[in-house]
Amino acid sequence: MIKNPRRYHITTFGCQMNKADSERMAGILEEMGFQYSEDPNNADLILFNTCTIRENAEQKVYSYLGRQAERKRRQPDLTLIVAGCVAQQEGEALLRRVPELDLIIGPQHANRLKDLLEQVFEGNQVVATEPIHIIEDITKPRRESKVTAWVNVIYGCNERCTYCVVPFVRGREQSRTPEAIRAEMEELGRQGYKEVTLLGQNIDAYGRDLPGVTPEGRHLHTFTDLLYFVHDVAGIERIRFATSHPRYFTERLIRACAELPKVCEHFHIPFQSGDNDILKAMGRGYTQEKYRRIIEKIRSYMPDASLSTDVIVGFPGETEEQFENTLRLVEDIGFDLVNTAAYSPRPGTPAALWENQISDEVKADRLQRLNDLVKKKAAERSQRYMGRIEEILVEDCNPKDPTQVMGRTRGNRLTFFKGDINVLRGEIVAVKITEVRPFSLNAQMVER
Ligand code: SAH
Ligand code: SF4
Ligand code: F3S
């Protein structure tokens, strides 16, 4: 028998997709009568939503799991679940490694959590990792924020970047229909949400798998069309999206962003390497020249657009000169934010098998040099905010100073200023920027 009230805790690793999946799984658990427990050690059901993008992400999962498996040996009615990308990658092998597990559930099965748990409560150990058509989400997610929300638009990835596990763990691309996306946004608007971030691993692929072509032979539903279709949803004041792929990024999309007032002037476009031979070995399908042209185009429409990106250093075979090409691109473009990582060989990916791997020392050295440059450039980019009037959507209070609230500029820069969160949460406030740091700003409210 299951005791009442049952309490759950979810620990989420990894990217925004996983965060969005966790919110939906939390919604399902609450519908089943579970209550949220802040402390995992007081929970009767523990769910790890896992990431395997790099080896250290995967290792972190095993160390957390070890502790809860140990607890389960003392408390057999504890339900232990591994979801997300490690679940998908390892499948049944995880059961051999951690026999205490009750349920292993791949990302495509997240919306089926209730059915699968019912099988667990009948006394089964369950593994759900086979590829399926993702069922439309009919539950209400338990969202972490009351102001900003994730909305998935496309699941999976059909690219084959030679370093990346995502296509293996997230499966084929599956677009949600424009109607389902709009309906979710309308519901969010009714609930008082102000900002939506549309999510896809390769958002520019949106709609390719949906039926229909235009008379010119274009897909009927592209991501750009989706933006036009959803931009006027009542209550939603800001729309963001991620992640863009330089291979498919279009001028039409840039124009839409410039034209549609709710779409924020912020672009997250990973370039991964500034060297054409490395880009080729990565299978990325563009050159650094093409990447630069995209950025120029964006800036010709929106001179102040903020830009963020992801970069990998120490990809197999990367020479010092090739690495310097990456540094040069970071130097020339001036990003607001760069997520950097040392290349990590991943199971099942082609590059992991190549013999020209780079030593850990060289990777660490390059990562350090890149990070130093990133910080210097971000500090330079921050300067342009000094003294400016910016619109901030207030999300929460500053956890380090409760007399301050925090929110983001349209360009996605975290900003702090004095104010009462109970009055300001969810409001868009005009502030004057008074202090700049590389990755955040201080400000004062101004009268409009
Ligand atoms: N879909 C996005 C990226 C998803 S993964 C895109 O196409 O850009 C997030 C980031 O993790 C990637 O941009 C990449 O910089 C990094 N990453 C992916 N695989 C990696 C690996 N094997 N080693 C190091 N970093 C990796
Ligand atoms: Fe990975 Fe490439 Fe797909 Fe991004 S586009 S998720 S890097 S395979
Ligand atoms: Fe990690 Fe899976 Fe996202 S591997 S980065 S959680 S898609």
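## Ligand 3

The shell around ligand 3 consists of four nonpolar residues, three polar ones and one charged. This is a predicted model. The residues that surround ligand 3 are C15, N18, C51, T52, I53, C85, R170 and Q201.

## Ligand 2

Ligand 2 has around it C157, E159, C161, Y163, C164, V166, P167, Q201, H245 and R284. By class, this shell divides into six nonpolar, two polar and two charged residues. Q201 is listed around ligand 2, and Q201 is also listed around ligand 3.

## Ligand 1

There are 15 residues around ligand 1, and those that come nearest are Y163, Q201, Q272, D310 and S344. Seven residues of the shell are nonpolar, four are polar and four are charged.

A polar side-chain atom of Q272 is 2.7 Å from an oxygen atom of ligand 1. A polar side-chain atom of R54 is 3.1 Å from a nitrogen atom of ligand 1. From S344 the contact comes through the backbone, with an N or O atom 2.8 Å from a nitrogen atom of the ligand. The protein buries 88% of the 540 Å² that ligand 1 exposes when taken alone. Strands β13 (306-313) and β14 (337-342) are the elements that give two or more residues to the shell.

T309 belongs to strand β13, which is one of the elements giving two or more residues to the shell of ligand 1. The relative accessible area of T309 is 0%, so this residue is buried. A polar atom of the T309 side chain lies 2.7 Å from the backbone oxygen of I269. Beyond its neighbours within four places in sequence, T309 is in contact with H268, I269, P270, F271, Y291, F335, L337, V338 and N339.

D336 sits in the loop between α12 and β14. With a relative accessible area of 5%, D336 is buried. Its side chain makes a polar contact of 2.9 Å with the side chain of R413. With neighbours within four places in sequence left aside, D336 is in contact with A305, S306, L307, A378, R381, R384, R413 and F439.

N412 lies in the loop between β16 (401-408) and β17 (414-418). N412 has a positive phi of about 80° and is not a glycine. Its relative accessibility is 24%, so N412 counts as partly exposed.

## Nonpolar cores

The largest nonpolar core has 64 residues, of which M185, L198, L227, F241 and F267 touch the most other members. Helix α12 (residues 320-333) gives the most to this core, contributing five residues. Apart from this core lies another, of 21 residues, which include I10, A26, F34 and L116.

L227 touches L198, I239, F241, L253, C257, L260 and V263, with residues up to four places away in sequence not counted. Two of these, L198 and F241, are themselves listed with L227 among the residues that touch the most other members of the core.

## Other backbone and loop features

The peptide bond joining A242 and T243 is cis, with omega about 5°. T243 is found in the loop between β11 (238-242) and α9 (251-259).

S145 is in the loop between β6 (126-128) and β7 (148-152). At a relative accessible area of 18%, S145 is buried, because the limit is under 20%. A polar atom of the S145 side chain is 2.8 Å from the backbone nitrogen of V147. S145 and R208 are 63 residues apart along the chain, and their C-alpha atoms are separated by 31 Å.

Key
Residues are numbered from 1 along each chain as its sequence is written. Chains are lettered from A and ligands numbered from 1 in the order in which they are written. This is a predicted model: local features need pLDDT of at least 70, side-chain atom pairs count only at pLDDT 80 or more; totals for chains, interfaces and linings use all residues. Side-chain values use heavy atoms; hydrogens and water are left out. A nonpolar core is a set of buried Ala, Val, Leu, Ile, Met, Phe, Trp, Tyr and Cys residues joined through side-chain atoms within 4.5 Å. Buried means under 20% relative accessible area, exposed over 50%, partly exposed in between (1.4 Å probe, protein chains only). Helices (H or I, at least four residues) and strands (E, at least two) are DSSP runs, numbered from the N terminus. Contact means heavy atoms within 4.5 Å. A residue is near a molecule or strand if one of its heavy atoms lies within 4 Å of it. A polar contact is a pair of N or O atoms within 3.5 Å; within protein, one must be able to donate a hydrogen and the other to accept it, and residues adjacent in sequence count only if both atoms are side-chain atoms. Accessible areas come from the Shrake-Rupley method with a 1.4 Å probe; for residues, only the protein chains shown count as cover. Ala, Val, Leu, Ile, Met, Phe, Trp, Tyr, Cys and Pro count as nonpolar, Asp, Glu, Lys and Arg as charged, and the others, Gly among them, as polar.
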